[in-house]
Amino acid sequence: MEKKLVYTGKTKDVFALDNGHYLLKFKDDCTGADGVFDPGMNTVGLTIEGVGDVNLRMSIYFFDKINAAGIKTHYVSANLGDTTMEVLPAKVFGHGLEVICRYKAVGSFFRRYGEYIEEGADLPAYVETTFKNDAKGDPLVTKDGLVALGIMTGEQYEDIKRMTRDITAIVAEDLKAKGLDLYDIKFEFGYDADGKVMLIDEIASGNMRVYKDGEYIEPMTLSKLFFAE
């Protein structure tokens, strides 16, 4: 099948296929600075051999489960031999929107609201949305804001919120079976030609905050633990 490079990303390259789908090529480049991995950074800071492979493996594993649960995603198939994933076409909301589901009060949530809650306190699958904009510090945006700005409809927002909670529950349950606790996780959503919401991008260890016996697990360590027999 013919493929044409349409976008070179930090951790993935995107190719257009002649069947109307797209091909994502996972790379070993990681976001961070000065050789230190940081999933929240917008620059490539280091290369970790095999990271593209484990990110694709985890994405395949969870996309298969999520699709089987009847939740719409962009995932079609994957090829571990060349670290690629075939996906359906999707438009992003605005210039890119991140959706976070939080089970515990940690990270930026605690930094914002620490005067009202203890660090590590339970949260009820709290969902928040932020614009992907490093220069502005990935600003939070509410449902009303997204609708007022014409970025999505109220119905699309409610679909995203419901899907986020359902997908997070699937991931958390799997991690729990391995003795791992999910504190929060970050997703991206898009929509098809009919405006139907779908999960896009990847589901990898670098997008989630996971603890074991109260200790934070680094993403590459998490990937190894996740796939350990």
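Predicted model: local features only at pLDDT ≥ 70, side-chain atom pairs only at ≥ 80, totals over all residues.
Leaving aside its neighbours within four places in sequence, Ser205 is in contact with Asn55, Met58, Pro219, Met220, Leu222 and Ser223. With Ser223 there is also a polar contact, in which the two side chains are joined at 2.8 Å. You can find Ser205 in the loop between strands β14 (197-200) and β15 (208-212).

Is Ser205 buried or exposed? Its relative accessible area is 2%, and buried means under 20%, so Ser205 counts as buried.

Helix α1 covers residues 51-68, and at 1.5 Å a residue its 18 residues should span 26 Å. The C-alpha atoms at its ends are 26 Å apart, so the model agrees with that expectation. Just after the helix, Gly70 takes a positive phi of about 85°.

**Into the nonpolar core**

In soluble globular proteins, nonpolar side chains tend to be buried together. Here, the largest nonpolar core has 45 residues. Which residues have the most contacts inside it? They are Ile167, Val171, Leu175, Phe189 and Met208. Helix α4 (residues 154-177) gives the most to this core, with eight residues.

Take Val171 as an example: not counting residues up to four places away in sequence, Val171 touches Phe62, Leu182, Ile185, Ile203 and Met208.

**Stepping back to the whole chain**

How many helices and strands does the protein chain have? Its secondary structure comes to five helices and 16 strands. The radius of gyration is 17 Å, close to the 17 Å that the globule rule gives for 229 residues, so the chain is as compact as a globular protein of that length. Here are some further values for the chain as a whole.

| Property of the protein chain | Value |
|---|---|
| Span of the C-alpha trace along its principal axes | about 55 × 45 × 35 Å |
| Buried residues, as a share of the 229 residues | 44% |
| Accessible surface | about 11,900 Å² |
| Part of that surface belonging to carbon and sulfur atoms | 50% |

Finally, consider contacts with a separation of 6 or more: residues 24 or more positions apart account for 52% of them.

Note on methods:
Residues numbered from 1 in each chain as written. Heavy atoms only, no water. Helix = DSSP H or I, 4+ residues; strand = E, 2+ residues; numbered from the N terminus. Expected span 1.5 Å × (residues − 1). Buried < 20%, exposed > 50% of the residue type's maximum accessible area, 1.4 Å probe, protein only. Polar contact = N/O pair within 3.5 Å; in protein donor to acceptor, adjacent residues only side chain to side chain. Contact = heavy atoms within 4.5 Å. Rg over C-alpha atoms; globule rule 2.2 N^0.38 Å. Areas by Shrake-Rupley, 256 points an atom, 1.4 Å probe, with all protein chains shown as cover. Core = buried A, V, L, I, M, F, W, Y, C linked by side-chain atoms within 4.5 Å.
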